[in-house]
Amino acid sequence: MTRTGVYPGTFDPVTLGHMDIIRRGAKLVDRLVIGVTTNPSKSPMFSVEERMGMVRREIAGLGAEIEVVSFDSLLMDFAERQGASMIVRGLRAVADFEYEYQMAGMNQQLNDRIETVFLMADVSLQPIASRLVKEIALYGGDIAKFVTPAVAQDVEARVERIGRKGS
């Protein structure tokens with residue numbers, strides 16, 4: 001039986017922190033599904049299709065069985081449709097833990113057949129958050145330490161199109 005895990009997120013944009021969790025999460029399962037979700041409350045910089053394309057490009061050389069799928073539903077319904085036995089979540093800080101702990105409890109109430117597994121972010125990557133990457137880029141800062149060169153180009157091109165703040 002194939003063990004499937006789901007790693008959900010907005011990936012707007014995909015960061016080095018996300019890539020760390022993808023690499024490590026893929027080792028825990030036979031098949032990892034990266035669920036790219038719509039989350040209008042996070043005011044995305046990129047469309048779902050653009051984010052999926054970025055993630056696909058970034059995982060291309062990993063060699064594991066990894067799929068990228070969009071979803072706009074309850075996470076547990078999506079995980080069930082994917083045949084997942086595990087949700088993979090990355091933790092950066094105590095604030096992440098409190099939120100994720102509550103979500104894991106709610107998800108367990110919705111479907112106790114799917115386990116939530118937390119992976120601690122690599123220490124060097126813990127401060128990285130997509131929201132902060134976008135903010136730094138919008139104010140003209142260098143995001144090269146937080147994303148791959150290709151993602152940095154994607155973000156820079158988008159910032160050029162929408163305009164920088166504070167200039």
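Here are some friendly notes on the sheet, the helices and the cores of this predicted model.

1. **Ground rules.** The model is predicted, so local features need pLDDT of at least 70 and side-chain atom pairs count only at pLDDT 80 or more, while totals for chains, interfaces and linings use all residues. Residues are numbered from 1 along each chain as its sequence is written, and side-chain values use heavy atoms, with hydrogens and water left out.

2. **The sheet.** Five strands form an open sheet in the order β3-β2-β1-β4-β5, with parallel pairing. Strands (E, at least two residues) and helices (H or I, at least four) are DSSP runs numbered from the N terminus, and two strands pair if DSSP finds at least two bridges between them. The edges belong to β3 and β5, each with a single partner strand, so one side of each has no neighbour in the sheet. From one strand to the next, the twist averages 30°; axes are lines fitted to C-alpha atoms, for helices over the stretch in contact, and angles run from 0 to 180 degrees between N-to-C directions.

3. **Two pairings to look at.** β2 and β3 are joined by six bridges in the parallel sense, with G35 opposite V69 in β3. Six bridges also join β4 to β5 (residues 115-120), again in parallel; there, M86 has E115 in β5 as its bridge partner.

4. **Helices on the sheet.** α2 lies across β2 and β3, at about 170° to β3. α4 touches β4 and β5, and its direction makes about 165° with that of β4.

5. **The main core.** The largest nonpolar core has 34 residues, and I22, L32, I34, I59 and V155 have the most contacts inside it. Such a core is a set of buried Ala, Val, Leu, Ile, Met, Phe, Trp, Tyr and Cys residues joined through side-chain atoms within 4.5 Å; buried means under 20% relative accessible area (1.4 Å probe, protein chains only). Its largest share, five residues, comes from α2. Beyond neighbours within four places in sequence, L32 is in contact (heavy atoms within 4.5 Å) with residues including V6, I22, I66 and V88.

6. **A second core.** A separate core of 10 residues includes V33, F71, A84 and I114.

7. **Helix α1.** Eight of the 11 residues of α1 are buried, so this helix is largely enclosed by the rest of the structure. Among them are H18, D20, I21 and I22. At the start of α1, a side-chain oxygen of T15 comes to within 3.2 Å of the backbone nitrogen of G17.

Key
Buried < 20%, exposed > 50% of the residue type's maximum accessible area, 1.4 Å probe, protein only. Polar contact = N/O pair within 3.5 Å; in protein donor to acceptor, adjacent residues only side chain to side chain.
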